[in-house]
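Let's take a walk through this one together, starting with its rings and then moving on to its charges and its interface. Keep the viewer open and follow along.

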Amino acid sequence: MRTSWVIILILVWVSPLKAQYFDKTYSVAWDVNMPLNNKDYVNQVSARGFKLGYREMITEKVFGGVDFTNSTYTKHIPRQTYINGTNAITTDLYNYVYNYGLTLSFDYFFTTEKKLMPYAGLGVGASYMSYRQFYNVYSSLDESWGVLVRPQGGVLYKLKEDARWAFLAGIHYDYSSAKSKGFELDAFNNIGLQVGVIMLEW
Amino acid sequence: MLRSFILISGLGLFLVGCQPVPSAEELNQDLVVETDYDNAVNFADFSTYTLTLDTLGLISNTTNDTLQLGSFAREVTTRIKANMDARGYTYVEKNQNPDLGFVAFIVNDFSIYQTIRYPSYGGGYYSSYYGYYYPIVNTYASNSTILILQLVDLNTKTAQNQFQLVWRGFIGDLSSSVDPFQKSVEAVDQAFVQSSIIGK
């Protein structure tokens, strides 16, 4: 009997730890992106990007929140002459796209109790694109807003089961309807890889 | 601890990733050369031209001088003459009734901007406890210089009684150039290279 009480007490003590599902997360990740179209304007893989994320538990496996993302795409076009009717201009061009996204995001976790926690999700929100073309001391600018849709997936990896933080690795595809009329660019698509850390709160 | 790390990392990434721009060294390697011409003009109809050698016109808000002399002006006008000669035109003096006039001048704009910000800590400029808050003055300066080339038809005048402009070239920015002397000379050549319309 005494032994049973000890076991029950231990279970009472231990079980909350086992059942301690996180219900909030904060994440920061380095975001490496590659444009999939508009490659005449920007074609370089961009390591200049990041993601900040926040989630709250909706159900045991579904989390919802917001993501703020930023990435910068570039392309250098060596010096050449552009002819337009009677006008001609010779210069090299540095094309830049500054991309900001704010999405309402939902992730489904296939498990929330193990060290390795895969997830898949979808973010929908707004995208702001700033297109800038630098040549010598001069520059041209075009800005646009659009709808951003971002299917995403990845894994969280905790070093210990009761760890309050985890490594994050993810992949995402972004579609932004923000076009550039000035530079005659189409809606922007890219894929990206994210690596970072996530804080788990309960 | 981790929250602080995330906040600091996020801020760091934000600052790094926000809006990087190409370096001035990359941007100013070569000058921009832009040209345009009057499509209604047949440049083969002209035979002679004139040009003020060794001198460039000067329009600047930092000096009252209207002429730029010296080796830079000499080198630039020499290149212009070499290109015009190579296109089959004959150089003549101004009093020899030339068909074309070649005008080359520099436009320089030097500007200074100042912003004044008054710290609003405590809601005023003077606090009996902390004393007087001095305004913070930031000063910015910009300097831009372009070389303008113009070809005018000396046989035709516009309704405003001015000679008809038939071709022009803008070369900039000389102020930011890593080598304004040599790059300007190269840019003069480039202005002709991209203007194959000029020639007999």
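Rings of Phe, Tyr and Trp, the last taken by its six-membered ring, pair if their centres lie within 6.5 Å. With that in hand, look at chain A of this predicted model: ring pairs tie A:Phe50, A:Phe68, A:Tyr100, A:Tyr128 and A:Trp145 together into a cluster. Over all chains, the structure holds 24 aromatic pairs. One of them is A:Tyr96 with A:Tyr98, with centres 5.9 Å apart and 45° between the planes. Why is this pair called tilted? Planes under 30 degrees apart count as stacked and those over 60 as edge-to-face, so a pair at 45° falls into the rest, the tilted ones. A:Tyr96 has a relative accessibility of 6% and counts as buried; A:Tyr98 is buried too, at 0%.

Now step back to chain A as a whole. Of its 202 residues, 48% count as buried. Take the contacts in chain A with a separation of 6 or more: 62% of them are made by residues 24 or more positions apart.

Charges are next. How many salt bridges does a search of the whole structure find? Over all chains, the search turns up nine. One of them joins B:Asp36 to B:Arg168, with the closest N and O atoms 3.9 Å apart. This pair links distant parts of the chain, since B:Asp36 sits in strand β1 (residues 32–37) of chain B and B:Arg168 in strand β10 (residues 163–172) of chain B, 132 residues apart. Is B:Arg168 buried or exposed? Its relative accessible area is 18%, and because buried means under 20%, B:Arg168 counts as buried.

Elsewhere in chain B, a salt bridge stays within one helix. B:Lys81 and B:Asp85 form a salt bridge with the closest N and O atoms 2.9 Å apart. The two are four residues apart in helix α3 (residues 71–86) of chain B, which means that about one helical turn separates them. B:Lys81 is partly exposed, with a relative accessible area of 24%, and B:Asp85 is partly exposed as well, at 31%.

Over in chain A, salt bridges that share partners join A:Arg55, A:Asp67 and A:Asp107 into one network.

Stay with B:Lys183 for a moment. Leaving aside residues up to four places away in sequence, B:Lys183 touches B:Gln29, B:Asp30, B:Leu31 and B:Ser177. Another lysine, B:Lys157, brings us back to rings: its charged end sits over the ring of B:Phe163, 5.0 Å from the ring centre.

That leaves the place where the two chains meet. The size of an interface is often given as the accessible area lost when the parts come together. Here, chain A and chain B bury about 3000 Å² between them, and carbon and sulfur atoms give 60% of that area. A:Arg79, A:Thr86 and A:Asn136 supply 21% of the area that chain A buries against chain B, more than any other three residues. The contact draws on 36 residues from chain A and 33 residues from chain B.

What about polar and charged pairs across the interface? There are 14 residue pairs in polar contact between chain A and chain B, counting those with both residues at pLDDT 80 or more, but the number of salt bridges between the two chains is zero. On the side of chain A that touches chain B, the elements that give two or more residues are β1 (24–35), β2 (49–57), β3 (62–84), β4 (87–109), β5 (116–135) and β8 (188–201) of chain A. Which of these gives the most? That is β4(A), with 10 residues.

Methods:
Residues are numbered from 1 along each chain as its sequence is written. Chains are lettered from A and ligands numbered from 1 in the order in which they are written. This is a predicted model: local features need pLDDT of at least 70, side-chain atom pairs count only at pLDDT 80 or more; totals for chains, interfaces and linings use all residues. Side-chain values use heavy atoms; hydrogens and water are left out. A salt bridge is a side-chain nitrogen of Lys or Arg within 4 Å of a carboxyl oxygen of Asp or Glu. Buried means under 20% relative accessible area, exposed over 50%, partly exposed in between (1.4 Å probe, protein chains only). A charge sits over a ring if NZ of Lys or CZ of Arg is within 6 Å of the ring centre and within 35 degrees of the ring normal. Contact means heavy atoms within 4.5 Å. Buried area is the accessible area (1.4 Å probe) that two parts lose on being put together, summed over both. A polar contact is a pair of N or O atoms within 3.5 Å; within protein, one must be able to donate a hydrogen and the other to accept it, and residues adjacent in sequence count only if both atoms are side-chain atoms.
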